[in-house]
Amino acid sequence: MNNARRPSMIGDALAQVGAAGLFLFAILAAIPKSLRHFRETLRQIWFVGAMSLVIIMTCGLFVGMVLSLQLYYTLAKFGGTAALGTVVALSLFRELGPVVTALLFAGRAGTSMTAEIGLMRATDQLSAMEMMAVDPLSYVVAPRFIAGIVAMPLLACIFNALGILGAHLVGVSWLGLDNGTFWGNMTANVDVWTDLVNGVWKSTAFGAVIALIATFQGYTTPPTSEGVAYATTRTVVSSSIVVLALDFVMTAFLM
Amino acid sequence: MNETNHPNGADPATAETDAYVQIRGLHTVLNGKVIFDGIDLDIPRGKITAIMGPSGTGKTTLLRHITGQLDADAGAIRVDGRNVPDLSRNQLFDLRERIGYLFQNSALLTDFSVFENVAFPLRQHLRLPEEIVRNIVLTRLQAVGLRGAAELMPAELSGGMARRVALARAIIRDPGLMIYDEPFVGLDPIALNQVLKLIRTLNDTLGITSILVAHEFAAVRRAADHVYLIAGGKVAAQGHPDELAERDSPWTRQFFGGEADGPVPFQYPARDYAVDLGFPAGVA
Amino acid sequence: MTQPRRSFQVGTGLFILLGFAALAYLATQTTSVANHTQGDSYALKAKFSNIGQLKQRAPVKLAGVRIGSVQSIMLDQQSLSAVVTIGIDKQYQEIPDDSAAAIFTSGLLGDQYVGIQPGGSPVMFKDGDEVILTQSSMQLEDLIGKFLVSGDSSKAPPKADADGPGTAPPAKP
Ligand SMILES: Nc1ncnc2c1ncn2[C@@H]1O[C@H](COP(=O)(O)OP(=O)(O)O)[C@@H](O)[C@H]1O
Ligand SMILES: [Mg+2]
């Protein structure tokens, strides 16, 4: 959007990363004051969490179903369909649950955060708050950041649960795998801490990263309709890249 | 430009001790454009001071300097005894709690009703019982003639109504300093009169110091105790409105008499018109 | 922040509750936590000459239904056989004390589990009893070896090694 600065795109990207880092510290510093706006935080959890339920649950169900179908086909080649439950649960808990939920979350909740804050910036609402001695960092940004951190792991768990349900539906009810085998194999091989809880930690980190990117993009957007549009796009693009990169790093070091 | 009086000149209203806001040697450059080129200015306590000047001259920018929303390149801005550029974020918020600011574009919070917009500063800073909040908000809305619109959303208001709601919000906490950025724009004559009276009343009864940015000289003349005319990054003229109106200078003649030609160019600085249209220079 | 809209708070509470319910469900139903039935189980011991790939927390089944899990596996230094302690859920009290235990594999390559073949005794197992009749894990290698051997001497079908005296191999439960 700013033609004059095209040549230094890498420099710009680095500057953005640095600015986002500083923004993170500003948010963290604003969190104590934001506890006074507890209701606002609850409202944001409602907006980014509860309002994302439909898409998360639907996608979770379908991902579980297709995973079951694909893995059954693959496992059947080795006569190992008994392991279906295990493989589905492990892929969901360790990888697909956190990552797919994060990507959906960035598209559903991250964009709305950016657009909302960007529009507040463009219509001087943030300045108005500053002039009323209300810090927009603690009233607008911090509640959304906290909401992202709280809602994301919960959504990932719901996604996982629906995924398991979908896998069971396809594997047991449709393909005729034994119910006891499905669950027994799963429970014998899936560990609460290394598999399930580590996945939850991952999704918490993703929630923080997405909320940071989304609020940062909204807060620093140029106050124009084009600026808000670009900022929204950037939220999705940067969130997706950062989530996948962070996923690799966390998987390598945590799991 | 020679006609600029020195701020510490004869006018008793600008005596240093009395100034709520005191600006010295203000320099600002935005995007390579010089907005302020050394401005000295005093806003006397308990008075209404009008700031006038052509659009784009930096009136809003000046207000943003005073409230610490924008840093100046050089100069001292003392508000109520404290130098704004030196204040920390928290100190700035403390200062702003005592300033009411009416935005040029109203800047209502679009997710809240008119009532909640006006109640916002109260809810954020004070823990008051709901009935008291209600009473305060309704009296302020009554003062701007919009008590009946309390449950409307900002999107359902006209520009003039939104301006009045923003005014009600700005005065909700009885500030020590009120700043009005073009409060009369978009108001019908009746509402304009009401708002004008309100500004005067707030000043007379509560002794609120006021800064009034406006273009309507007739209105300014009825309300303001002192006028600063800013043009070309400097204070072009100042004085009591009546005195200014009678003073015979190209600035005042143009600005208060509405002549297009004069020291203030009507055109934003631009290339030669003919060249822009593709003709050889000087043809148009 | 608006006062009248309490529905947000209720809705948010329900959402958080739903999320934690999902987490609790996943933790208790799909992970190894489901196999810990501590507190409300009673223990039985069983000796096997060979347990194959049997692992701690492997399921214990009767007629295909999971009734408990393997709690520990130790080596008895005297008899040089494996002592497997299995926990049976408290709700399954009526298991005759002449029932047999065997180690089975689910599927060809699946995990191993302990199967209980009920007997006919009027006396029921109680906490700490030993399962006398046991049958060890079928080793795939052994099986293949036996088929090869039984190929030339067309005798009885291959007999699994049993260490209980006079054990008839229990049918796979
Ligand atoms: N954020 C900004 N960045 C760059 N230039 C600005 C910015 N805000 C205002 N300006 C410029 O400063 C000048 C003064 O603007 P403003 O103070 O809004 O004028 P007005 O006197 O009409 O209120 C204008 O020429 C405008 O182009
Ligand atoms: Mg302006």
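The legends below describe close-up views of a predicted model. Residues are numbered from 1 along each chain as its sequence is written, and chains are lettered from A and ligands numbered from 1 in the order in which they are written. Local features need pLDDT of at least 70, side-chain atom pairs count only at pLDDT 80 or more, totals for chains, interfaces and linings use all residues, and side-chain values use heavy atoms, with hydrogens and water left out.

**View 1. Confidence in the complex and in chain B.** The predictor gives the complex an ipTM of 0.91 and a pTM of 0.80. The mean pLDDT (the predictor's confidence in each residue, from 0 to 100) of chain B is 85, and 88% of the residues score at least 70. Residues 1–16 of chain B stay under 50 in pLDDT. For this stretch the model has 26 contacts (heavy atoms within 4.5 Å) beyond four places in sequence.

**View 2. Helices of chain A.** Chain A has nine helices and zero strands, where helices (H or I, at least four residues) and strands (E, at least two) are DSSP runs, numbered from the N terminus. Along the sequence the pattern is α-α-α-α-α-α-α-α-α. Taken along the principal axes, the C-alpha atoms of chain A fill a box of roughly 65 × 45 × 30 Å. Of the contacts in chain A with a separation of 6 or more, 83% are between residues 24 or more positions apart.

View 3. Of the 255 residues in chain A, 54% are buried; buried means under 20% relative accessible area, exposed over 50%, and partly exposed in between (1.4 Å probe, protein chains only). The accessible surface of chain A is about 10,400 Å², and carbon and sulfur atoms make up 73% of that area. Areas come from the Shrake-Rupley method with a 1.4 Å probe; for residues, only the protein chains shown count as cover. Chain A carries 13 positive and 12 negative side chains, with the centres of the two sets 4 Å apart. Lys and Arg count as positive and Asp and Glu as negative, while His and the chain ends are not counted; each charge is placed at NZ of Lys, CZ of Arg, CG of Asp or CD of Glu.

**View 4. Ala133(A) and its loop.** Ala133(A) lies between helix H5 (125–131) and helix H6 (136–174) of chain A. Its phi is near 60 degrees, a positive value in a residue other than glycine. Most residues other than glycine have a negative phi. Ala133(A) is buried, at 10% relative accessibility.

**View 5. Thr57(B) and its contacts.** Thr57(B) is in the loop between strand S3 (48–52) and helix H1 (59–66) of chain B. Its relative accessible area is 9%, so Thr57(B) is buried. Apart from neighbours within four places in sequence, Thr57(B) contacts Ile35(B), Phe36(B), Ile230(B), Ala231(B) and Gly232(B).

**View 6. Ala63(C) and its loop.** The loop between strand S2 (59–62) and strand S3 (65–76) of chain C holds Ala63(C). Ala63(C), a residue other than glycine, has a positive phi near 55 degrees. At 57% relative accessibility, Ala63(C) is exposed.

View 7. An automatic or database domain assignment gives chain C domain 1 (1–30) and domain 2 (41–146). Chain C averages a pLDDT of 78, and 76% of the residues score at least 70. Among the elements of chain C, helix H1 (residues 7–29) has the highest mean pLDDT (92) and helix H2 (residues 140–152) the lowest (69). Residues 153–173 of chain C stay under 50 in pLDDT, and the model has 35 contacts for them beyond four places in sequence.
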